Amino acid sequence: MAFHDTLVYINSTVESISAQFIRIPGSAIVLRYVRSSYQNDPMRSFLELCLFLFAVRYFLASKYSFAKKDFIKLSTKEVDDLVHEWTPEPLVAPLDETDQTEVEKIPVIIGISGPKVKLSTGKSVMNLASFNMLNLLGNEQIRERAIKTVREYGVGACGPSGFYGTQEVHIQTEKDISNFLRVPASIIYAQAFNTITSTIPAFAKRGDIIVADSAIALAIQKGILISRSTIRWFQHNDMDDLERVLQQVHKDFKGQPLTRRFIVTEGLFENCGDIADLPKILELKYKYKYRLILDESCSIGVLGKTGRGLTEYYNIPATEIDMIVGSLATTMCAGGGFCAGSEYVVSHQRISGNGYVFSAALPGYLAATASESMSIMQSSPEIFTQLLSNTRAFRAIIDKMTYMYSPSDPDSPLIHLQLNPEVLESRKIDDEDKFLQDVVDECIANGVLISRNKVVQSQEVFPVESTLKIMITTGLTKRETEKAAAVVKAAVSKVMSKVPKVKH
Amino acid sequence: MITSKEERRRRSSSIISHLQPETIEEQSDQAALPNLNANWVNNKGAWVIHFVLIACLKIFYDLLPGVSQELSWTLTNISYVVGSYIMFHYVTGIPFEFNAGAYDNLNMWEQIDNGDQYTPTKKFLLGVPIGLFLISTHYTHYDLGMFVLNCLACLVVVIPKLPSSHRLRLSVPELMTSSSWDS
């Protein structure tokens, strides 16, 4: 009997539901639709029903995120407790002992910088620690031009280049740079460090490939980093390794959509003073179809018979290189930087070079200074001969040292001095930087101002060797340069004599 | 024993692969600016336009001489499906320069609502092709050929929209090499 009751109950329920259903507006359409869609084809109707049910299930599901929520929910009390517990750190942390010595050891120059300067200690020294290699700093002709420009345009550009910041002098300087390097066009940036960090991301984006030398300067490393490109490093100046990396890239990215590819290297390496093998790099660039971004920050106005940089040094037209980036703040004694290349390369940066678009333009008088420096370089090319002869005179003495050697190119007026590996083994030198600082102090005491190569190791991709950094200048005569070399040599020997030998 | 060559072949023969999770840089670049490429689908107009487009397609196919009602509905369904597949599931990245290419690997469906599932827009966008399929099969009077066509078309856009196909990629290695630039 119970079974019968159940059946009756089910029947009545179904009837009442269908009676209710008919009362819903639009139910007739649904019924008609279901009736006509059934059409004696249960399989297909079943399929449609499944799809319908799936859609209903999907609509009723609540939202969820694939992103991991790895945070802890804190109660208001816990938040308050944490806030109370928190004691702010001082905005400027007190200096530790190393920093303190570092700060104390910085020499202070009284008056205008130049090849011979007076220190705050009252001592007069020969300045081999400045990029003033062509002695253009304080040049009367440049000074007059700068003063004239300040009178005409004021001190600052007061706006980004695309926003009322461009003045006649900027356009003239860009023309001067193009003429100087013999390239179709160039663009100037307001800050040397920001030039390469704008140029690289203007062209290289995520997914593009950059093959870079492992000894490039910090600015270039940062430029590559913010471009978000895929980075492959090759051993410093090792052309076989470069070729190996290019082949590896070719293999790894075979079959993937073609993206932009760049080789990035430095003309004269800031951290070791040697020179990139441009002819070989160009050969590989054409063979593997890459673009070349060459940072000539240290080599413009330094290398080549008339100071036109690495391209002139190797007698290669500058147009062979896709982008030449350089600094106006080194030997040109102005400020800012530039990128030179084809019309396309330059005009693209006018709307997508971050430093150009978003920073105030270079002050007019600095642009004028750079132009004037270039015209002096062109009108008196003999300064480069003198620079080279000073460099060779200095190297002739320095290269005879037993304790230190120079990894720099013999023609480079930017000279790095590094401790010999044998010396590091046989002598008890705990802190190389301290040893080098002692040498610097000894040199200053004897009338020669040089410097350690100061880098922030934590910012560098690869560790940079501790070196002394010496910059030859034409402001000193050959005899004075030789005297300075002798002082450096004697200082190294003197400091070394105090270092105990390792007992075996 | 498996030689290295066999191992490689075995790996490359798998046609289904998952996208790698984003790196810290990619995540920060994605968060740097609102994703204007995907956000507009949440607007009212973006919902209405689906119905407008479907109506336009239907009218267009009706106007073609010699096209029966059945064929017209099927063509409408297929056109809508092909269009929305290309838009939501085929094209990856963002056509504009907002995020330094941080979305280069993701198609539009995966960019919508930052990859969250079962959001109102996603429910709507899944509902439209299903509804269109049910209507088209109804008006094609259950002709088997048309039904199969409509059903396949529907599945083509519904399956990639499922949460389980999120960040999933199908790749046929043979096809990949033939389209390679240097082969």
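Trainee: Why is the pair K77(A) and D81(A) called a salt bridge?

Mentor: In this predicted model, the side chains of K77(A) and D81(A) come to 3.2 Å, N to O. The cut-off is 4 Å between a side-chain nitrogen of Lys or Arg and a carboxyl oxygen of Asp or Glu. The value of 3.2 Å lies within that cut-off, so the pair counts as a salt bridge.

Trainee: How do you know that K77(A) and D81(A) are about one helical turn apart?

Mentor: Both belong to helix α4 of chain A, residues 76-85, and they are four residues apart there, which means a separation of about one helical turn.

Trainee: What makes K77(A) exposed?

Mentor: Its relative accessible area is 58%. Exposed means over 50%, so K77(A) qualifies. D81(A) has 33% relative accessibility and counts as partly exposed, because that class lies between under 20% and over 50%.

Trainee: Why is E140(A) with R143(A) also called a salt bridge?

Mentor: The closest N and O atoms of E140(A) and R143(A) are 3.7 Å apart. The limit is 4 Å, so this pair passes. The two residues are three apart in helix α6 of chain A, residues 140-153, which again means about one helical turn. E140(A), at 47%, is partly exposed, and R143(A), at 34%, is partly exposed.

Trainee: What makes R167(B) and E22(B) a pair that links distant parts of the chain?

Mentor: Their side chains meet in a salt bridge at 3.3 Å, N to O. R167(B) sits in the loop between α8 and β2 (168-170) of chain B, E22(B) in the loop between β1 (16-18) and α2, and 145 residues separate them.

Trainee: Are R167(B) and E22(B) buried or exposed, and how do you know?

Mentor: R167(B) has 16% relative accessibility, and E22(B) has 19%. Buried means under 20%, so both residues count as buried.

Trainee: What makes up the contact, and what area is buried in it?

Mentor: The contact takes 40 residues from chain B and 31 residues from chain A. About 3000 Å² is buried between the two chains, and carbon and sulfur atoms give 65% of that. The size of an interface is often given this way, as the accessible area lost when the parts come together.

Trainee: What elements does chain B have, and how many of its residues count as buried?

Mentor: Chain B has nine helices and two strands, in the order α-β-α-α-α-α-α-α-α-β-α from the N terminus. Of its 183 residues, 40% count as buried, so 40% have under 20% relative accessible area.

Technical notes:
Residues are numbered from 1 along each chain as its sequence is written. Chains are lettered from A and ligands numbered from 1 in the order in which they are written. This is a predicted model: local features need pLDDT of at least 70, side-chain atom pairs count only at pLDDT 80 or more; totals for chains, interfaces and linings use all residues. Side-chain values use heavy atoms; hydrogens and water are left out. Contact means heavy atoms within 4.5 Å. Buried area is the accessible area (1.4 Å probe) that two parts lose on being put together, summed over both. Buried means under 20% relative accessible area, exposed over 50%, partly exposed in between (1.4 Å probe, protein chains only).
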